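Open the model in your viewer and keep the selection panel at hand. The tour below goes stop by stop.

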Amino acid sequence: MRSGGDTGLERGQACGPQDGDETRHGRRGRLTVIGLGPGDAALLAPLAAEALGTAGMVAGYATYIDLVPPELLAGKEVMATGMTGEVARCRAALEAAAAGKRVALVSSGDAGVYGMAGLALEMLDAMGLADRMDFDVVPGIPAVCAAAALLGAPLTHDFAVVSLSDLLTPLEVIRRRLDAALAADFVLALYNPRSRRRSGYLEEALALAGRHRDPQTPVGMVKNAFRPGQEIRVSPLAGADPAFADMLTLVVIGNAATRLAAGRMLTPRGYAEKYTLEG
Ligand code: SAH
């Protein structure tokens with residue numbers, strides 16, 4: 001995908017000038033899609049900070065731009081747009097890169113997890129711009145990992161991730177995936193669990209879980225992980241309160257083996273069956 005035949009991002013050279021950077025049309029632009037992590041600047045990957053530092057323009061949803069440490073935005077062109085402007089934002093970022101700019105397009109968490117990396121790649125292809133710019137994705141810590149860390153270790157065995165947002169996915173598909181993941185005994189992580197418009201979806205997902213899981217199965221909810229207002233709640237499935245969740249909450253429903261250990265949520269990998277773990 002990147003012209004010149006290089007296969008990936010070299011650590012420490014992510015966005016620095018490269019040989020062959022100039023084309024006969026002028027400076028070769030670059031679009032770097034960056035995951036900012038859950039919010040705390042300490043969880044912004046050094047490679048992401050470096051890519052932001054070398055960008056001339058930073059584009060993203062206004063709330064995500066707010067997650068960028070201000071010193072990394074100093075002297076840069078900033079294009080902050082509203083939540084529903086994803087396609088317009090992406091097009092503007094691609095056009096700026098096609099014109100020779102170094103553009104950083106930011107998402108929270110990991111940009112490839114319900115983030116802008118997919119749309120950017122889709123539009124890079126659809127707009128026929130792949131040969132006109134460099135394109136990179138820099139990973140970030142996704143909310144599912146940030147939340148899991150705060151809950152304990154709920155994802156240590158197989159897990160599935162489903163978004164409850166039906167903005168781009170038909171509700172029937174969401175329901176089918178929830179049911180299949182629960183039936184297969186995956187630990188289930190839920191993104192976008194609740195909004196004002198979709199206030200009943202999490203309740204429905206928990207009710208569905210009740211048909212596949214013991215009522216005592218731990219359910220963890222983390223609101224604002226690694227951001228101001230962080231709240232962590234673990235309750236048995238039968239007592240899980242969907243009203244606690246909002247759009248900045250990540251929900252983890254345990255599998256048949258998930259339990260509490262030392263007050264945290266644990267899905268054991270199976271070591272206890274093979275080894276003696278007592279002191
Ligand atoms: N690219 C992001 C996901 C964006 S979708 C990632 O990799 O995590 C937005 C959803 O992510 C929210 O509805 C919420 O479910 C979850 N989320 C994002 N940041 C979060 C945080 N700090 N705490 C809890 N959930 C978060």
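**Stop 1: helices 3 and 4**

Select residues 86–98 (helix 3) and residues 116–126 (helix 4): the two pack at an angle of about 60°, and their axes are 10 Å apart. The model is a predicted one. Angles under 35 degrees count as roughly parallel and 65 to 115 as roughly perpendicular, so helix 3 and helix 4 are oblique to each other. The crossing of helix 3 past helix 4 is right-handed.

Now show side chains. From helix 3, E86, V87, R89, C90, R91 and L94 meet M116, L119, A120, M123 and L124 of helix 4. By class, this contact of helix 3 with helix 4 has 8 nonpolar residues, 3 charged and no polar.

**Stop 2: the ligand**

Select the ligand and the 19 residues around it; D110, V113, A143, M247 and T249 come nearest. Which polar backbone atom lies 2.8 Å from an oxygen atom of the ligand? That atom belongs to D110. Next, pick Y191, where a side-chain N or O atom is 3.2 Å from a ligand oxygen. At N192, a polar side-chain atom lies 2.9 Å from an oxygen atom of the ligand.

**Stop 3: helices 6 and 7**

Select residues 171–183 (helix 6) and residues 201–212 (helix 7), which pack at about 30° with axes 9 Å apart. Helix 6 and helix 7 are therefore roughly parallel to each other. Helix 6 passes helix 7 in a right-handed crossing. On helix 6, colour L171, R175, L178, D179, L182 and A183; on helix 7, colour Y201, E204, A205, L208, A209 and H212, and the contact is marked. The contact of helix 6 with helix 7 divides into 8 nonpolar, 1 polar and 3 charged residues.

Methods: Residues are numbered from 1 along each chain as its sequence is written. This is a predicted model: local features need pLDDT of at least 70, side-chain atom pairs count only at pLDDT 80 or more; totals for chains, interfaces and linings use all residues. Side-chain values use heavy atoms; hydrogens and water are left out. Axes are lines fitted to C-alpha atoms, for helices over the stretch in contact, and angles run from 0 to 180 degrees between N-to-C directions. Helices (H or I, at least four residues) and strands (E, at least two) are DSSP runs, numbered from the N terminus. Angles under 35 degrees count as roughly parallel, over 145 as roughly antiparallel, 65 to 115 as roughly perpendicular and the rest as oblique. A crossing is left-handed if the near helix is turned anticlockwise from the far one by less than a right angle, and right-handed if clockwise. Contact means heavy atoms within 4.5 Å. Ala, Val, Leu, Ile, Met, Phe, Trp, Tyr, Cys and Pro count as nonpolar, Asp, Glu, Lys and Arg as charged, and the others, Gly among them, as polar. A residue is near a molecule or strand if one of its heavy atoms lies within 4 Å of it. A polar contact is a pair of N or O atoms within 3.5 Å; within protein, one must be able to donate a hydrogen and the other to accept it, and residues adjacent in sequence count only if both atoms are side-chain atoms.
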